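Subject: Handover of a structure and notes on its contents

Dear colleague,

Please find below the structure that I am handing over to you. My notes on what was found in it follow directly.

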Amino acid sequence: MPRPEPDHPRTPLLTVTADTLVAADFSSRRRPRTAPRTGRGELREKPHPSAPADETSTPTPSGAPTPYRALFQHPGTLRFAAAALLARLPMGMFGVSAILMIADARGSYALAGAVVATGLGATALVAPWTARLVDRHGQARIAVPATAVALLGGLCLIACVHWNAPDWTLFASYAATATAPNTGGMSRARWAHLLKGDPAALHTANSYEQAADELCFMLGPVLAAVLCTTLFPEAGTLVGGLLCMTGVLLFAAQRATEPPPTGRTTAKSPLRAPGIPPLLAVFLATGAVFGSLEVVTIAYADARGHASWAGVILGLQAAGSCAAGLAYGALRVTGPAERRLCRCLAAMTALMALPWLAAAGTGSLLFLAPALLLAGMATAPTMVTAMALVQRRTPRGRLNEGMTLAVTGLLGGIAGGSALGGWVAEHAPAAGTGFASGATGFAVPVAAAALALPVAMIRTNSRAPIDAL
């Protein structure tokens, strides 16, 4: 008859072999459920079961930091993010400043739009080479002199406008600003370097960066319009250049968070990476939305005698995008990014129709402003999702170049959209008279957004190699 197990544990037999202490346990071999063995005789605490990977995590406790607060707890991130924000603020100023300055001096929105388009086209050609140098030699070493050359180009543009130089000098001067580095791309590259292996935090960082871009597009046009209309027409371009130079100097001084230069790499160009060319086409069409919307809004406001309000209502569109971007960064995204991109583009196409309907149906800035606010709410999620795909598909060691190519596609679209929007605003049949004077131009951003959607849908089921992060 078996004897019952005693209530107290047996004392193990201890002995010494050479320099090793051995404990022989003659107790029952049934393993306690609360303390599984590790394989060496010792006991360990049973780990808490983790939730399946596809389940949504529980809400963050009230004492835990929010995703954005946790993001900036990394040392040095707040300093480089603030400097990058200052350097990017003129990004929303230069286009509006140049349009207002040239249109005031030469009386032609078509010329102003063409000059801005030329400068953006030059940036589309030069920026990837600048980004390649940044990847190869480091951010601080390249960004500062490149920004100084761009500042000289802006000063030359001011001089040519002020002294009524020939039109071709405006194109040449504005093209010289193309050497300005992609500060947003450099900032995103720092986040990618600091947050390797943490895709959730990187999603939040990308959303913050997009919100920062939208904040610059929200504040920049307002500041440019105020400076150009209350001080003198060249004030917006002058102040924007000085702010950009100051911000880049402060950004370059933050060396602790700078990614190490890669030197010469054998990795293939991002242009030849699988999945990158269709994404660039999406950025091109999306840029046409931004460029055309800016020019036609300025022309629409000017036709009603309220040119100084153009920056304010353009800022509302960026405000809607900024708010949507911050909210999107706090979400836990699931599913393939390709499908999310298609949904975002479909929403952007639908929402971009609202300004067209408001302008054509009311002819009032009072109704156009909230329509632009709503239209901007699909912009940031679209850009965040597309930029995340670029980061995943860019070959290792060429991340800044890949992101700059995306921005280059965006700028190329802005250039084409600015030129087309300026032409439609000036030559459309309904531009001169009628209740909906100038409303035809708002059809251009709707068409551009609709063009991006089928391009993204073609690539929905593609899977490119992920070797960047």
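Serine 108 lies in the loop between α3 (94-106) and α4 (109-137); helices (H or I, at least four residues) and strands (E, at least two) are DSSP runs, numbered from the N terminus. With a relative accessibility of 17%, serine 108 counts as buried. Here buried means under 20% relative accessible area, exposed means over 50%, and partly exposed is in between (1.4 Å probe, protein chains only). Leaving aside neighbours within four places in sequence, serine 108 is in contact with Ala103 and Glu426, where contact means heavy atoms within 4.5 Å. Serine 108 and glycine 422 are 314 residues apart in sequence, yet their C-alpha atoms are 9.3 Å apart in space.

Please note that this is a predicted model, in which local features need pLDDT of at least 70 and side-chain atom pairs count only at pLDDT 80 or more, while totals for chains, interfaces and linings use all residues. Residues are numbered from 1 along each chain as its sequence is written, and side-chain values use heavy atoms, with hydrogens and water left out.

The chain as a whole

The protein chain has 16 helices and 2 strands. Of its 469 residues, 50% are buried. Among contacts with a separation of 6 or more, 82% join residues 24 or more positions apart. The chain exposes about 22,300 Å², and carbon and sulfur atoms supply 65% of that area; accessible areas come from the Shrake-Rupley method with a 1.4 Å probe, and for residues only the protein chains shown count as cover.

Helix α7 (residues 183-194) has 12 residues and reaches 17 Å from its first C-alpha to its last, close to the 16 Å expected at 1.5 Å a residue. The expected span is 1.5 Å times one less than the number of residues in the helix. Because 10 of its 12 residues are buried, α7 is largely enclosed by the rest of the structure. Its buried residues include Met186, Arg188, Arg190 and Trp191.

Helix α9 has 18 residues and reaches 26 Å, close to the 26 Å expected. Its buried residues, among them Gly240, Cys244 and Phe251, pack against α2 (77-88), α3, α5, α7 and α8. Threonine 237 is found in α9 and counts as buried at 7% relative accessibility.

The nonpolar core

Which residues have the most contacts inside the largest nonpolar core? They are Leu170, Trp191, Phe283, Ile298, Leu345 and Val390, in a core of 102 residues. Helix α10 (residues 276-303) gives the most to this core, with 15 residues. A nonpolar core is a set of buried Ala, Val, Leu, Ile, Met, Phe, Trp, Tyr and Cys residues joined through side-chain atoms within 4.5 Å. Not counting residues up to four places away in sequence, leucine 345 touches Val282, Thr286, Thr382, Ala452, Leu453 and Ala456.

A nonpolar surface patch

Leu152, Leu155, Leu231, Phe232, Leu238 and Leu242 make a nonpolar surface patch of about 550 Å². The elements that give two or more residues to this patch are α5 (139-162) and α9 (235-252). Patches are made of residues with over 30% relative accessible area and no salt bridge, with like charges joined within 9 Å and nonpolar side chains (Val, Leu, Ile, Met, Phe, Trp, Tyr) within 5 Å; a salt bridge is a side-chain nitrogen of Lys or Arg within 4 Å of a carboxyl oxygen of Asp or Glu. Phenylalanine 232 is in the loop between α8 (199-230) and α9, and at 38% relative accessibility it counts as partly exposed.

Yours sincerely
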